[in-house]
Amino acid sequence: MASPALLACDWGTTNLRAWTLDGQGAVVAEREFPLGVSRLPRGEAAAVFSDQVRPALHAENTPAILCGMVGSGLGWTTAPYHDCPTTLPDLAKAMIAAPGAPDVLIVPGVRYAGFNGHGDVMRGEETQLFGWLALHPEHAEGRHLVCHPGTHAKWMVVEDGRLTAFATAMTGELFALLTTHGVLATDSTPGDSEAFDDGLSAAGDGGALVARLFTARARVVGGNAAPETSASFLSGLLIGADVAATPRLLADAPTTDVVLLGDAKLCALYARALEARGVRTRTYDGEAAAVAGLWALHTAKASP
């Protein structure tokens, strides 16, 4: 068997996904590790990569490219943010070598002035975005609004293949915090589509969210809603507010057609929320985009 051409890793806060790729960028092998940077002692990323990740994929001597939070202060080393607007070739040129491992390159995150001038940042989503463009080059022309749902949902504007603006919504993190602590804490789990749709309706235009949130409690203690529907209602409320309000923060962003990029289950919830507002959606696999993005960065780096 020929040696793999690249060890590609999306190394986030809670998990690490790794793939070996052949000379055409096709996946040879893949593994997922519960080794997100938040779970590692400071300074241990290099040893974990060398002692656990490389051997598990038989890639001890394979060049590697890593994206995600591994390039933050919590990870292996800080890869300085690259300014938006940016392109894939820009990011390829800005990758840095990991300390002590010249054959390991780390993708920089991207920073943006933000909708209110106080800034915004991302790490990892940029690689998926450019991977999506690499897989679907027909979208490298024109303006597109791409949503990457997650703990910190990213709404990204793409113009002729360039990432020109983005906004972050802490939708997933808020859901986790509110269902774990405080008066909205619940043991219920999402899955009730009717309660989710009620939450979408309760989100309104996304404004006054801090007031709308209390309805998740009031509908149970002051109304007739079953407590076991609380998580689904809150999920709908938060996602509904996100899709209603966040795109408006991005001036002139296209809002009638949204690309959803990421986990299939989360994308399905966002699709339901957007389509309830008359917005067309198209969903693409985030993992395939991450692999394609890492390979595209590898080939761009190798180009003269």
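In which strand is the place of Ala98? Ala98 lies in strand S6, which spans residues 96–98. The legends below describe this residue and three further regions of a predicted model.

View 1. Ala98 has a relative accessible area of 3%. A residue counts as buried when this value is under 20%, and Ala98 is therefore buried. Leaving aside residues up to four places away in sequence, Ala98 touches Trp76, Val104 and Ile106. Leu66 is 32 residues from Ala98 along the chain, and the C-alpha atoms of these two residues are separated by 9.4 Å.

**View 2. An open sheet of 3 strands.** The strands follow the order S5-S8-S9, and their pairing is mixed. Strand S5 (82–83) and strand S9 (120–122) form the edges, each pairing on one side only. S5 and strand S8 (residues 110–112) run parallel and are joined by 2 bridges. Within this pairing, Asp83 has Arg111 in S8 as its bridge partner.

**View 3. The packing of helix H3 against helix H10.** Helix H3 covers residues 125–135 and helix H10 covers residues 286–302. Their axes are 6 Å apart and meet the description of an angle of about 85°. Because angles from 65 to 115 degrees count as roughly perpendicular, H3 is described as roughly perpendicular to H10. From H3, the residues in contact are Thr127, Gln128, Gly131, Trp132, Ala134 and Leu135. From H10, they are Gly286, Ala288, Ala289, Ala290, Ala292, Gly293, Leu294, Ala296 and Leu297. The residues of this contact between H3 and H10 comprise 10 nonpolar, 5 polar and no charged.

**View 4. The buried and exposed residues of helix H5.** In helix H5 (residues 193–202), the buried residues are Ala195, Phe196, Gly199 and Leu200. Seen down the axis of H5, these buried residues fall within an arc of 150°, so they line one face of the helix. An α-helix has 3.6 residues a turn, so residues three or four places apart point the same way. The exposed residues Glu194 and Ser201 are carried on the face of H5 turned away from its buried side. Among the elements that cover the buried residues of H5 are helix H7 (215–221), helix H8 (230–245) and helix H9 (264–275).

Key: Residues numbered from 1 in each chain as written. Predicted model: local features only at pLDDT ≥ 70, side-chain atom pairs only at ≥ 80, totals over all residues. Heavy atoms only, no water. Pairing = 2+ DSSP bridges. Helix = DSSP H or I, 4+ residues; strand = E, 2+ residues; numbered from the N terminus. Axes fitted to C-alpha atoms, helices over the stretch in contact; angles between N-to-C directions. Parallel < 35°, antiparallel > 145°, perpendicular 65-115°, else oblique. Contact = heavy atoms within 4.5 Å. Nonpolar A, V, L, I, M, F, W, Y, C, P; charged D, E, K, R; others polar. Buried < 20%, exposed > 50% of the residue type's maximum accessible area, 1.4 Å probe, protein only. Arc of directions from axis to C-beta.
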